[in-house]
Amino acid sequence: MEIRATLPPKGRDLRLDLFRGVANWAIFLDHIPNNVVNWITTRNYGFSDAADLFVFISGYTASFVYAKMMLERGFLVGATRLMKRVWQLYVAHVILFVIYIAAIGYVAQRYHDPDIINEFNVAGLVDNPIQTLTQGLLLKFKPLNLDVLPLYIVLMGFFPPVLWLMLRRPNLTMLGSVALYFAARYFGWNLVAYPVGSWYFNPYTWQLLFVFGAWFALGGATASRRLINSPITLYFCIAYLIFALVMTMAGRFPEFGAMFPAWLYDAFNPNDKTFLAPYRVLHFVVLAFMVVRFVPKEWPGLEWPIFQPLIKCGQQSLAVFCVGVFLSFVAHFELMMSSGSLLAQIFVSVTGLAILCLVAYYIGWSKKQDKPLPRPAPAAVPAVPAPEKAAEPASASEPAAQATASANSAAADRT
């Protein structure tokens with residue numbers, strides 16, 4: 001079939017790194033309960049949050065990286081490279097899973113606090129460790145706060161055929177994703193979790209943001225440029241962001257929420273995150289349109305030093321995410337063991353963010369050290385002046401000149 005998608009322009013888009021860093025910082029802060037610092041994250045001011053941003057950017061970057069490879073080298077090569085990435089994600093999840101539950105178990109035993117085992121959903125390891133670990137390797141058992149990475153693994157695992165279709169029929173593929181989203185919401189489709197229940201992030205619905213990210217990267221943003229730049233769209237986006245802010249605040253503060261009719265309040269509270277409510281999707285699309293409209297790829301602010309730590313954390317996203325999830329547990333435990341004061345909340349938050357930055361900068365530096373050093377340019381060899389010819393003796397040159405003159409005179413006489 002004919003290729004109809006538009007490949008993104010060459011060159012790194014620092015906006016992706018910046019907002020992926022924002023998502024990683026927000027995920028770390030949001031996983032620390034009773035922490036005043038997480039009020040700076042977007043989840044408190046609208047329907048969508050860092051998880052939506054993380055999934056969207058994951059789909060965008062996956063298509064950005066592997067689309068050209070699939071076109072130039074075929075579906076099989078592109079699919080195997082995607083599977084290689086899936087394997088890297090799975091290994092990272094298993095390592096994080098083991099360290100995470102070991103840390104929780106150690107803390108519960110060391111400080112005689114069995115409640116923490118129930119709080120972080122690892123009680124099954126005590127009663128049935130073998131089966132629970134097996135289900136963890138199958139991504140069915142997930143301790144608290146370890147839901148995003150399994151979702152990412154599943155979405156990437158099914159992405160090769162989606163990317164193949166997206167390159168040839170981008171709009172039709174996007175419509176298919178929308179149809180699957182509404183079907184999953186209508187029929188209640190979800191994956192089974194262990195020991196009971198279902199996945200907190202339903203892959204059948206969350207795939208919509210992932211595919212939307214791929215569609216946006218492969219020409220969707222360009223095709224929507226007229227709509228994005230329309231004044232009517234701008235007014236609608238501003239109005240919807242204000243509405244989302246009001247409804248979110250109504251859910252945060254019961255006295256404020258009581259001011260609204262029950263039918264209106266109940267439509268948006270609690271925020272349906274598992275099945276990715278339509279109002280949540282619309283909120284993220286509005287944010288994406290606003291960013292594309294007001295933050296172009298060439299925006300000089302992306303080079304500002306203040307954004308460099310976020311960009312570095314976005315460039316080393318997987319490692320920063322894993323470390324952030326673990327540090328959120330450490331920060332939560334520290335607040336439990338301390339007074340939990342405002343100063344303590346700020347301290348654990350700032351310290352955790354500083355560690356994330358150190359991890360990102362170290363990994364970036366370490367990757368540079370693995371590359372071979374560039375060969376030095378060969379030193380310029382100074383030019384050696386050519387030796388001057390010795391002047392011929394006058395006695396030798398004069399007879400030759402006289403012979404040449406005589407020959408020319410004789411030739412002139414013959415003419």
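Helix α9 is followed by glycine 188, whose phi is positive, near 75°; helices here are DSSP runs of H or I with at least four residues, numbered from the N terminus. The model is a predicted one, in which local features need pLDDT of at least 70 and side-chain atom pairs count only at pLDDT 80 or more, while totals for chains, interfaces and linings use all residues. Residues are numbered from 1 along each chain as its sequence is written, and side-chain values use heavy atoms, with hydrogens and water left out.

Helix α9 itself covers residues 170–187. Its 18 residues reach 26 Å from the first C-alpha to the last, close to the 26 Å expected at 1.5 Å a residue, where the expected span is 1.5 Å times one less than the number of residues. Among the buried residues of α9 are Pro170, Met174 and Tyr181 (buried means under 20% relative accessible area, exposed over 50%, and partly exposed in between, with a 1.4 Å probe and protein chains only). The cover over the buried residues of α9 includes α8 (159–168), α10 (203–223) and α15 (278–294).

Turning to another pair of helices, the axes of α2 and α3 (residues 75–110) come within 6 Å and cross at roughly 145°. Axes are lines fitted to C-alpha atoms, for helices over the stretch in contact, with angles from 0 to 180 degrees between N-to-C directions. On the α2 side, the contact (heavy atoms within 4.5 Å) is made by Tyr66, Met69, Met70 and Arg73, and the α3 residues include Phe75, Leu82 and Arg85.

Rings of Phe, Tyr and Trp (its six-membered ring) pair if their centres lie within 6.5 Å; planes under 30 degrees apart count as stacked, over 60 as edge-to-face and the rest as tilted. By this rule the count comes to 38 aromatic pairs. In one of them, the centres of phenylalanine 97 and phenylalanine 141 are 6.0 Å apart and the planes stand at 85°, so the pair is edge-to-face. This pair links distant parts of the chain, with phenylalanine 97 in helix α3 and phenylalanine 141 in the loop between α6 (129–137) and α7 (148–157), 44 residues apart. Phenylalanine 97 is buried, with a relative accessible area of 2%, and phenylalanine 141 is buried, with a value of 2%.

Finally, the cysteines: the structure holds zero disulfides, a disulfide being a pair of cysteine sulfur atoms within 2.5 Å. For cysteine 313, the nearest cysteine sulfur is that of cysteine 357, 4.0 Å away.

Definitions and conventions. Helices (H or I, at least four residues) and strands (E, at least two) are DSSP runs, numbered from the N terminus.
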